[in-house]
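Reader: Can you walk me through this one? I'd like to start with the pocket.

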Amino acid sequence: MHAPKTREERRYRRHLRVRKKVSGSPERPRLVIFRSIKHIYAQLVDDDKGVVLLGVADRSEGIELDGTGKVARAKATGKLLASKAKAAGIAKVVFDRAGFRYHGRVKAVADGAREGGLEF
């Protein structure tokens, strides 16, 4: 096995370490984030069944922006995910930052989800 060399490989290795400890259930699904260069995506995953319960992107319909820029879009993504989760009867989640640093857009999604009413 070779040592991870690229930034993406190192992030994936970090995510695998986190996934050993963080798991979602139907009552408390895992909120996982994927951040690309331009966009951000958030999903609620039930790891017991291996299914995605909800998914939201910063390009989804219903995004209400409070400002400009990618951080504002990320926060709106978190709020939209929280409102959809509440409508589906989900109030508690476990947060999985997917190996990304808890900073900037990843933190904005978490803050938006908390403001929207999700508990984690």
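Author: By class, 3 nonpolar, 2 polar and 7 charged residues line the largest pocket. Nonpolar means Ala, Val, Leu, Ile, Met, Phe, Trp, Tyr, Cys and Pro, charged means Asp, Glu, Lys and Arg, and the others, Gly among them, count as polar. This is a predicted model: local features need pLDDT of at least 70, side-chain atom pairs count only at pLDDT 80 or more, and totals for chains, interfaces and linings use all residues. Residues are numbered from 1 along each chain as its sequence is written, and side-chain values use heavy atoms, with hydrogens and water left out.

Reader: Which element gives the largest share of that lining?

Author: α1, with 5 residues.

Reader: Switching topic: is Asp96 buried or exposed?

Author: Asp96 is buried, at a relative accessible area of 0%; buried means under 20%, exposed over 50%, partly exposed in between (1.4 Å probe, protein chains only). Asp96 sits in strand β4, residues 94–96.

Reader: And which side chain does Asp96 have a polar contact with?

Author: That of His15, at 2.9 Å. A polar contact is a pair of N or O atoms within 3.5 Å; within protein, one must be able to donate a hydrogen and the other to accept it, and residues adjacent in sequence count only if both atoms are side-chain atoms.

Reader: Now α2. Which residues of α2 are buried?

Author: Among them are Ala72, Thr77, Leu80 and Leu81. The buried residues of α2 pack against β1, β2, β3 and α3.

Reader: What follows α2?

Author: Gly89, with a positive phi near 85°.

Note on methods:
Helices (H or I, at least four residues) and strands (E, at least two) are DSSP runs, numbered from the N terminus. Contact means heavy atoms within 4.5 Å.
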